[in-house]
Structure formats: structure tokens, C-alpha cells
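Subject: Structure for you to look at

Hello,

Here is the structure I said I would pass on. My notes on it follow below.

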Amino acid sequence: MSNYIMPILIIGLLLYGIIRKNNSYNSFVVGAKSSFDLVLTSFPYIATIFVAVEIFNVSGLSIIFSDLVAPVFEFFGIPRQLSEIVILKNFTGCGSLALLENIFTTYGPDSYLARAGCCIVGCSEAIFYVTAVYFSKTKVIKFRYAIPVGMLANFIGAIVSAWICRLI
Amino acid sequence: MGFGLLMINNVDLAMSSLLSGGGKAISLSLKLWGIYAVWLGILKIVEDTELDKKLAKLLSPVIRLLLGKVDKETENQVAVNITSNLLGMGNASTPSGINAIAGLDRGSRYATSAMIMILILNSTSLQLLPTTVIGLRTMAGSATPADIIIPTLIATVASTLSGVLLVKLFSKIFKDKP
């Protein structure tokens, strides 16, 4: 059933384009072209996170980390395998995609961990990154309660993700 | 520190794991490139048919409720900003977000509660369709890649709602500084 959602929306959009006499072919080509820039800007972050994750896992640091931090996450119902995504998600969105891809290969894309991971990645953005970029045109240097509120809201999103994927 | 530990623990694995990280990054980026090409193409159709402007118009009462009194230009920027988030146009939302916050700038060192509200709306990003994640799941061979739409929607509403309420609460406790 859910597999129909995307195709139906896209067909609807194309029909709307015909009604509005928009050249959808040209629009699509122009849009697709901008994917070059996007993939070039995100690649360095993805590469950095993948390499860091390899070091993190192979050095045994991930086990130490897991033993220290995971119990807190598990207390709120977030599985220990997803605790790294929840933390990294605050700093870099592309980087958390790298972790999600690792979850897909290890546990399969239809596993509970993969679905909950998708939810966590899909429900929020990197608060540190967004703050740095969005205030870049202002003189503001005191962000007051912005970062703590952003992190807390993301954490609540992660808790809800972990629970909701157990139910549906 | 991690690298130091790695060198001591497992010298043989050190180089090969570094390079395998780089290799994985390339294969993920290629997948993402495909997904971005499709979705940025589709979103450009949304933009050119001015469907996003229609959505933005529907949002203006909500924006007034969240931000209080702001000028028309800022309101428009925030509307575009939220709409692009809703449609999963994360990167398209950045310029409008920057402009919206710049429009509220008073030259002060301190962020106002309206600025923080815009920021939190973006960081908790209310997304209707998590297109990138669905694309990655499809490519990984999932049988029902889109079945995360509803759970993600519930989670994103929860995080946005708690973010908005927290900002409202904190803006009552800590008054804006000059």
C-alpha cells in the first residue's frame, strides 16, 4: 500500500504541470543538474564520517563508547546500535546518512533498526550546522537557549522514532 | 586518540580500514547522487508550477501565531522556508532561512526568541516526505521502502511540536536581551 504513495504524488504533480502549461521536462533537467553541486558539497562530510567510523569501530573505541553511553539511550527505549546516529545527527546530516547505510548493510533495510534509524534521520536536521549557517548574515554570537532546545527536541524525536517503529 | 589506539591494537587493519571507509563513502555518494538528481528534478517542477507558493500562502496564519508580529517580507521568507522543509527540499530552504533571520537582525549580539523559533523550526524540520532516506532504502533492496513515511511523520511532528513549545516556554522565562 505504502509503495503507491510516491508514484501517485508524482503522477499528480505531472498532471498539475500539464494544467499549468509548465514544461516539466525542462524543469526536471534543470533540477537534476543541481544534484552535481549537492553531491560535491556533501561528499567530504560523508567521506570524513565513514573513515572516522572505521577507526572508531576497528580501534575498539566504539565498544567503550557503547558501554558508557548506550545505557542512557536504552533507558529511553533507543537501541544501542542507533545511539551513534542520534548523537551525530546533531552535528551533520550527511554523516548520519553514512551511519544509516552501515545499519542497512549490517541488519538489512527492512529490519526494525533500519526503520527506526530512517525515522531518526528523517525527522530532524543537524542543529549545530543549521545554527552556524542561519546566523551567518547577522551579528549574533549569543545563541542563548537555541542549541539545548534543538538537541532536546531532536532527542524527543529519536525517542518517538524508536517507539513508533515498534508499533507500526 | 582513536587512531593511536588502532595502531597499537591492530596494525594490520589500520590502513585497510581507512581505505575501506573512503570506498564506502564513494559508493554512498553515487547512490545519493542518483536520488538527488531525481528529487531535485521533481522539486524543480514543484517550484516552476508555483505549487510551493500556494502552500506557503496557506501557512501564513500559522507563522503569525509562531513568530508574533514580524514584517511582511520576513513572513514570506519564513513561509518559503517552511514549505521547502515540508517538501523535503532541505537545501532549498537554507537561503530563505538565512534571509528570514537576517531580516530580524537588530545588530545585537543576542538572538531574539523569533530568530530562535525560525532556527528550531528548521532544525526539527517538519518533513512530509523523507525522500533521501526512502531512496537509500530502495537502493538497499527494501520491499516496502515507503512504509517509514507515517512513522517519520509522527516523529517529526513530535520533535517540531516539542521544539516550538520549548521555545515558547523559554521565551517566557528568559526575556529578550537588547
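Helix α6 of chain B (residues 113-123) is mostly covered, with ten of its eleven residues buried. A residue is called buried here if 20 or more other C-beta atoms lie within 10 Å of its own, exposed if 12 or fewer do, and partly exposed in between, with C-beta atoms placed from the backbone. Helices (H or I, at least four residues) and strands (E, at least two) are DSSP runs numbered from the N terminus. The buried residues of α6(B) are A114(B), M115(B), I116(B), M117(B), I118(B), L119(B), I120(B), L121(B), N122(B) and S123(B).

On conventions: this is a predicted model, in which local features need pLDDT of at least 70 and side-chain atom pairs count only at pLDDT 80 or more, while totals for chains, interfaces and linings use all residues. Residues are numbered from 1 along each chain as its sequence is written, and chains are lettered from A and ligands numbered from 1 in the order in which they are written.

Now chain A. Its secondary structure comes to nine helices and zero strands. Of its 168 residues, 44% count as buried, and its C-alpha atoms fill a box of roughly 60 × 50 × 30 Å along the principal axes. The domain assignment (bounds from an automatic or database assignment) gives domain 1 (1-33) and domain 2 (48-167). The C-alpha centres of these two domains of chain A lie 32 Å apart.

As for the interface, 78 residues of chain A are in contact with 78 residues of chain B; contact means C-beta atoms, placed from the backbone, within 7 Å. On the side of chain A that touches chain B, α3(A) gives the most, with 14 residues. The residues of that side divide into 47 nonpolar, 21 polar and ten charged. Here Ala, Val, Leu, Ile, Met, Phe, Trp, Tyr, Cys and Pro count as nonpolar, Asp, Glu, Lys and Arg as charged, and the others, Gly among them, as polar.

Within chain A, α7(A) and α9(A) pack at an angle of about 145°, with their axes 8 Å apart. The axes are lines fitted to C-alpha atoms over the stretch in contact, and angles run from 0 to 180 degrees between N-to-C directions. The contact is made by Y112(A), R115(A), A116(A), C119(A) and I120(A) of α7(A) and by A158(A), S161(A), A162(A), I164(A) and C165(A) of α9(A). By class, this contact has eight nonpolar, one polar and one charged residues. Beyond its neighbours within four places in sequence, C119(A) is in contact with S161(A), I164(A) and C165(A), and also with I148(B), P151(B), T152(B) and A155(B).

Last, where is F91(A) placed? F91(A) is in the loop between α5 (83-88) and α6 of chain A. F91(A) is partly exposed, because 14 other C-beta atoms lie within 10 Å. Leaving aside neighbours within four places in sequence, F91(A) is in contact with A126(A), F128(A) and Y129(A).

Regards

How values were computed
Two residues are in contact if their C-beta atoms, placed from the backbone, lie within 7 Å.
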